[in-house]
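Dear colleague,

I am passing on to you the structure shown below, together with an account of what was found in it. Please read the notes with the sequence and the coordinates open beside them.

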Amino acid sequence: MPINATQKITLKLVVVAIGMFVFAVFLMPPLYDVFCELTGIGGKTKGQFEGTTAAVDVEREIKIQFVATNNGAMPWEFSPLQYQVRVHPGEKTAVEFYAKNPTSRDMVAQAIPNITPNNAAEFFHKTECFCFDKQVLKAGEEANMGLVFIVDPELPASVTTITLSYTLFDVTEATEAAVATTN
Amino acid sequence: MVSRLKQLVAYALSPLLLLSFVGQNAHAEDAHASGWSLLNMPQGVTSVSNDIYDLHMTVVWICVWISVVVYGVMFYSMFAHRKSKGYKAANFHESTTVELLWTIVPVLILIWVAFPSTKSLIELYDTTEADIDIKITGYQWKWQYEYLGEGVEFMSELTTSEPAIYNLEPKTEFYLSEVNEPLVLPVGKKVRFLLTAKDVIHSWWVPDLGVKRDAVPGFINETWAKIDEPGVYRGFCAELCGKGHAFMPIVVNAVSEDEYKTWLAEKKEAAAVLREMAKQTFTLEQLMAKGEVAYNRSCAGCHSGNGEGIPGAFPALKGSAIALGPVAKHLDVMVNGVSGTAMQAFGGQLSEVDLAAIITYERNAWGNNVGDMVQPIDVLKFKQGQ
Amino acid sequence: MAHGPAKGIGRWLFATNHKDIGTMYLWFSFAMFLLGGTFAMIIRAELFAPGMQLVKPEFFNQMTTMHGLVMVFGAIMPSFVGLANWMIPLQIGAPDMALPRMNNLSFWILPFGFALLASTLFMEGGAPNFGWTFYAPLSTTYAPDTVNFFIFGVHIIGASSIMGSINIIATVLNLRAPGMTMMKLPLFVWTWLITAFLLVAVMPVLAGVVTMMLMDINFGTSFFDAAGGGDPVLFQHIFWFFGHPEVYIIILPAFGVVSAIIPTFSRKPLFGYSSMVYATSAIAFLSFIVWAHHMFTTGMPIAGELYFMYATMLIAVPTGVKVFNWITTMFRGSLSFETPMLFAIAFVILFTFGGFTGLMLAVAPADIQYHDSYFVVGHFHYVMVAGAVFSMTAGIYYWLPKWCGKMYDETMGKLQFWIAFIGFNIAFIPQHFLGLAGMPRRYADYALQFSDWNMVSSIGAFMYGAAQLLFLYNVIRTIVAGEPTSEEKTWEGAEGLEWTLPTPAPFHTFSTPPEVK
């Protein structure tokens, strides 16, 4: 009967529409993240590296460059202490970034790492990084922040230079808001 | 080479087509001679831009030839098969052979296009060792260039004046495509551009270099160029980034390697001079004069030239509590910015002299009449003392 | 069953008749077309000469944004829904749409959606100023507060679209007259059926992406904010996952209209009916797997660029099939050139041109130069205006006599056609040159070398705008004072169930289903 058939198709289509909404909001972002992690799209790096890599490849030397950017109105002084280092793949290397909060208030910052070229991202392992945590600096305080990394010897041969970028975001308000709600 | 030959043949055969007027002109500087000559993409001065140009022309000619056939048949029908001429309609339809033919032929043409496209794309993504690395940061609404490892960095901002934009002054040759400091690059060297942005997404586009790449906040992108010929190449921001989108041009000054080295050395020296200048004391008139120039370049984009801002978006400075209040607060806002707003921290962007001049100007212009002065040394002390 | 329409305003407020609702959709979309057109005229007037003359850059950005939003969501999409409401029941022999009350709701929420959107023009902070593609973070962290009104407006418009599509699918699948098999459906019905499926699939994605923006702006999530681990480029992926099918949503029904008109005035059946159906389905399918060709400059890995380039180039194949079919239909027909046919032929010529520039844009390395330049603006106006709007105009002239039992004035129709055709090309061909020469899109002001072509483009745009006023006059004049006609078949060569009905089409039609042989 047409009425029943109409109701049936309507119901099905409503379910499809709701399904697509759920897909967009709840599935696309995590799927995208997984996809990025697998392919290195967007040059996002992974979290703390706990595995091991193959032996040090002394034949190869990779140039690692560091750049630092403040986002928006972030007033901190923020820069790498060395703009580039040359490393052998498989070798553990430590570098430092300098940060100073020049303002008269306590602030919290979050550094977001990003790598170019994209296809190097999955081969850049960080064993320690200040970007794993929020950085708290009191008014006028300064600090050297550490990063320890290993470049995987599996790194594609076409890559000779890797640039690691940190963008520093002011998350003071967001952190205070979060603290306020948990209290 | 084959595509060149095809081009020549095509030029010879289709003199009536508008596209055949498109000469190989459009060299960066000639382009300014007359707008009418702007018909086609510039060939540019890098191997990538030349490849793109060839690819572009190949596809254009493929399209021209397809359209000659398609439109030809169509116009023929429109003239020959008219009812008014008493033409009787045939009644053929459905033919698998014909359908297959016009599916397969386009596929073959597409495969033909796909080969050179793939080749150029691979070249574009070449990540081998570069000679120079430049970090480009997009700001609302200016570019910052940083020569990695050289300690040279500067802001590149539009110099066209507000009166010229609002038609109160005549427009000069490089209206809206002139900046205070161009990006200086040596020819014949592979330059790697690292792009990021401070606020929203921008896109750095210089047609003659065959470079356009988005600058995304929080992310870093790379692309490259090796410029063949010295010259001044102009470009624009290509991604909508707010009200100043049309007002953040790009100027690249490609020079010989020697000139580049000289320039870099002078640049480093100039930075030292500027630091020295920070210790000098200026008169109110000097500060006001310097302040007006610097304000119009770096502040007027948001707060407008008359200090009235834009209601609902950017606060007025004329009569504002900060410009009329204590110097310390004014310094704090200028140097450290205001979090959560569009007010950037200018402490790292401008020299102490410019900062002092702008603050002085803001306190004493447009009817603001505090009467006090801020000297560069005050700014320096503020930066160190806090 | 023989009762006529209710009297007074109630007829429209509580309308459930597909013809009344169709009429309201058409008038509403025309009003929006004039509003969006006004914004376009402001844009072109400002760009007539270098320098800021009429508006400030921030208002200019609001104009480009509102022009895009109003034209896409307010003018083109509802106009085709209106045409679907009128024609689908008539073409498949159904008494009405399957869900008449939902039909009423889906129309009446539209004006509220647009009122919400347009009201921002008068608020502090102004209307949306981040482009109709509203890329984050310009549309989130850096947006004016009025962005919330924009988000709710989009939700309402999206809901309306989804309801309209469900209605169309239910009608086509369930209410066909006996004997009207799927492969006998007129192409306009086919293209709309496929469009409706696209809409049900992607409008929720648009709703999703604005919801995520809403959360980012007001509830502290960070889908698109790098500070919290989000990604502004993710916004573009989701937006274009909606946005690319969206452009086919706009163009597919236009294909359907043209596929009805060309055979009529060629007095010859469509060359390849089934291949047209398959080509439409192929285009719809491809539309889901090519979205990132809008993002070639975002820094995708090369594998992604190559994939999206190849997939996008493939679209040329089914699109080509359609164009070849139209032309072969005309070939050795017995052609006459009434106003609907003129617009349909112009559609084929100009849409094909838009297709060529589309192919150029698909070539990823070359897109590095074309992307976000006026070349793109020229390209999509050839597809959206010369495609969708020309076809819509053709459709209105074609079916207007059937709707109101009056004949339009052929001379006036042709006059409008020539002004529109010439004006359109003068407006948009120069934009290709501007883009190739390096002028980015969405620019409030430009360097001096771009002056000449911008002036030409503005003159063409004013001409095209004037043609629309003539269109409005023609339609009103036809309704009020057109020559009455009662011929069932207005056009000698027309085929289809709608031409078996009396003219003007009565309020209730096909109460007893026709028999389709």
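I begin with the contact between chains B and C, in which 86 residues of chain B meet 82 residues of chain C. Please bear in mind throughout that this is a predicted model.

On the side of chain B that touches chain C, two or more residues come from each of helix H2 (47-80), helix H3 (96-124), strand E6 (202-206), strand E7 (211-215) and strand E9 (231-237) of chain B. H3(B) provides the largest share of this side, with 14 residues. Sorted by class, the residues on this side of chain B comprise 48 nonpolar, 25 polar and 13 charged.

Chain A also touches chain B. That contact draws 31 residues from chain A and 30 residues from chain B. In chain A, at least two residues each are supplied by strand E1 (62-70), strand E5 (107-116), strand E9 (161-170) and helix H2 (172-182). E9(A) contributes five residues, the largest share of the side of chain A that touches chain B. The classes on this side of chain A are nine nonpolar, 20 polar and two charged residues.

Turning to chain B itself, the model shows 11 helices and 10 strands in this chain. Chain B has 386 residues, of which 44% count as buried. Among the contacts in chain B with a separation of 6 or more, 64% join residues 24 or more positions apart.

The domain assignment divides chain B into domain 1 (2-124), domain 2 (132-274) and domain 3 (278-385). The centres of domain 2 and domain 3 of chain B, taken over C-alpha atoms, are 25 Å apart. Where these two domains meet, 11 residues of domain 2 of chain B are in contact with 11 residues of domain 3 of chain B. The side belonging to domain 2 of chain B holds four nonpolar, five polar and two charged residues.

Chain B also contains an open sheet of five strands, in the order E4-E10-E9-E6-E7, with mixed pairing. Which strands stand at the edges of this sheet? They are strand E4 (183-186) and E7 of chain B; each has a single partner strand, so one side of each is left without a neighbour in the sheet. On average, neighbouring strands of the sheet are turned by 25° against each other, direction ignored. Within the sheet, E6(B) and E9(B) pair in the antiparallel sense over two bridges. B:Trp205 stands opposite B:Phe236 in E9(B). Helix H5 (residues 257-277) of chain B packs on the sheet and touches E4 and strand E10 (250-255) of chain B. The direction of this helix makes about 140° with that of E4(B).

Finally, I come to the largest nonpolar core, which has 331 residues. Which residues touch the most other members of this core? They are C:Val209, C:Val258 and C:Phe347. Helix H6 (residues 187-218) of chain C gives the most to the core, with 22 residues. Leaving aside neighbours within four places in sequence, C:Val209 is in contact with C:Phe235, C:Ile238, C:Phe239 and C:Phe242, and with A:Ala24 of chain A.

With kind regards

Technical notes. Residues are numbered from 1 along each chain as its sequence is written. Chains are lettered from A and ligands numbered from 1 in the order in which they are written. This is a predicted model: local features need pLDDT of at least 70, side-chain atom pairs count only at pLDDT 80 or more; totals for chains, interfaces and linings use all residues. Two residues are in contact if their C-beta atoms, placed from the backbone, lie within 7 Å. Helices (H or I, at least four residues) and strands (E, at least two) are DSSP runs, numbered from the N terminus. Ala, Val, Leu, Ile, Met, Phe, Trp, Tyr, Cys and Pro count as nonpolar, Asp, Glu, Lys and Arg as charged, and the others, Gly among them, as polar. Domain bounds come from an automatic or database domain assignment. A nonpolar core is a set of buried Ala, Val, Leu, Ile, Met, Phe, Trp, Tyr and Cys residues joined through C-beta atoms within 7 Å. A residue is buried if 20 or more other C-beta atoms lie within 10 Å of its own, exposed if 12 or fewer, and partly exposed in between; C-beta atoms are placed from the backbone. Two strands pair if DSSP finds at least two bridges between them. Axes are lines fitted to C-alpha atoms, for helices over the stretch in contact, and angles run from 0 to 180 degrees between N-to-C directions.
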